[in-house]
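Subject: Structure for you to look at

Hello,

Here is the structure I said I would pass on. Please open it next to this email; my notes follow below.

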Amino acid sequence: MNLIQEVKPKKQKKQPKQGMLENVMKQFESAADLINLNPNIKKILSVTNNELIIHFPVKMDNGDVEIFKGYRVQHNNALGPYKGGLRYHPTIDIDAVKALAIWMTWKTSLAGLPYGGAKGGIEIDPTKYSITELERITRRFTYALGDNIGPEHDIPAPDVNTNSQTMAWIADTYMSTKKPSERSKNQHVVTGKPIGSGGLEGRDRATGYGVFLTIKFWADHENIKLENKTFIVQGFGNVGYWTAHFLEKEGAKLVGVQDAFGTIVNKKGIGVENLLEYTKNNHGSIVGFSNSREIAKGDFFGLDCDICVPAALGNQITENIAPQIKASIIAEGANGPTTVEAEAILLKRGVTIIPDILCNSGGVIGSYFEWLQNRNGELWELDEILERLHKKMKEVFTKVLVVSESKKIDMRTAAYVLAIERLERTYVQRGVFP
Ligand code: NAD
């Protein structure tokens, strides 16, 4: 490697900021006001505990060195170790990571898990790098994070553009920095690992299965059959695919899909498994799938359907989009897909929103199972895992529904009330050191 030569970084298109932080804070404040949250506890929960920004160098395949910017934000750990995903995306910045970390605190609290909330990521378009470069980027980032993460301290997991392979690299790098006798004790530094490297059977589908279950619980509550209902999905990655898989199995029909590359429709139905196979041979993209027609990106959310599943990025359903939505239910697979302004319009129109911190919590619940499995040296079986996930999701969904109906508030506010009240109880019991 010649360190003196001029380094030409690969061009990355800057995308607009997502404004998710404003969104999560507005959601928090309205729920906090509703329950008259203790003002001192409100102060604590309004800020993030730790924010780490790391610039780190990585050698590219051609010998050049590129500098990357990585983040880890730890919002709150009153209920247990920090927990939250790692996202590789060009729109990642400190505010986006803070917002996502805060959502994790509400999510783990609502689910009754012994975790706090965190999130991290790297500002990068991973499609521009080879697999070997991505491995070195991930390993170097893990090394730079050092003991700011740890199996009993802060436990990352997959998110947008990261997967079980990314987690395997992180676990291996982190464990390699420990004494040989302590390595295996550190396997649960990340969840979402491949089976065979400590991963949990079914963790891949846990989020999408949970999204599906919340739709099913809602439909049962409303006496609606999902058979022949139509649905659209934004994002055909881990969450989008698995949600579509389970909805299709229940007899519902996928009529529109959008991913980062384009939008496809077919009123007669798009076969979920065929589409998955197609994307595997098409660089992950849905564009060009034979049994479909491509439409403009802006026409996606206005498609005729019964169920809408945003499962990509935040702030996708804005106040301009909200009036176009035809679905009667929105199930938030993604974190923060609906802005506060859009939500007000949708609720007025009678659209039900299953909020992210409830809807996609199957992922972190699955992660908790994986963490327990590693910690206790156990091997759990798929049937048992899906049954436990079902039980937990049903319990949390029912709690949210009861609060929503008894207090006559929307499901998001109800979910926030439950999440914040649990944290408030903990702080009241423990007090503030010293
Ligand atoms: P993924 O990387 O597996 O898939 C992301 C999908 O979104 C891809 O199909 C991609 O093409 C698409 N996409 C990206 N940008 C887009 C855009 N601008 N417009 C339309 N589509 C776009 O990611 P994932 O793990 O499925 O995560 C999706 C969402 O679910 C994120 O908001 C994430 O925070 C949330 N989530 C994920 C998990 C999990 O376990 N993976 C858990 C809870 C919540």
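Five bridges link strand β3 (residues 82-88) to β5, and the two strands run parallel. Within this pairing, G85 lies opposite A157 of β5. Please keep in mind that the model is predicted.

These two strands belong to an open sheet of five strands, in the order β1-β2-β4-β3-β5, with mixed pairing. β1 (50-59) and β5 (154-158) are at the edges with a single partner strand each, so one side of each has no neighbour in the sheet. From one strand to the next the twist averages 20°. As background, strands of a sheet pair through backbone hydrogen bonds, either parallel or antiparallel.

Helix α4 (residues 131-145) packs on the sheet and touches β1, β2 (65-76), β3 and β4 (117-122). The direction of α4 makes about 135° with that of β1.

Now the domains. The chain is divided into domain 1 (46-187) and domain 2 (204-359). Their centres, taken over C-alpha atoms, are 27 Å apart. Domain 1 brings 10 residues to the contact and domain 2 brings seven residues.

The area buried between domain 1 and domain 2 is about 750 Å², and carbon and sulfur atoms give 65% of it. Helix α3 (residues 94-110) gives the most to the side of domain 1 that touches domain 2, with five residues.

Between the two domains there are zero salt bridges, and one residue pair is in polar contact across the interface.

Regards

Definitions and conventions:
Residues numbered from 1 in each chain as written. Predicted model: local features only at pLDDT ≥ 70, side-chain atom pairs only at ≥ 80, totals over all residues. Heavy atoms only, no water. Pairing = 2+ DSSP bridges. Helix = DSSP H or I, 4+ residues; strand = E, 2+ residues; numbered from the N terminus. Axes fitted to C-alpha atoms, helices over the stretch in contact; angles between N-to-C directions. Contact = heavy atoms within 4.5 Å. Domains from an automatic or database assignment. Buried area = accessible area lost by both parts, 1.4 Å probe. Salt bridge = Lys/Arg side-chain N within 4 Å of Asp/Glu carboxyl O. Polar contact = N/O pair within 3.5 Å; in protein donor to acceptor, adjacent residues only side chain to side chain.
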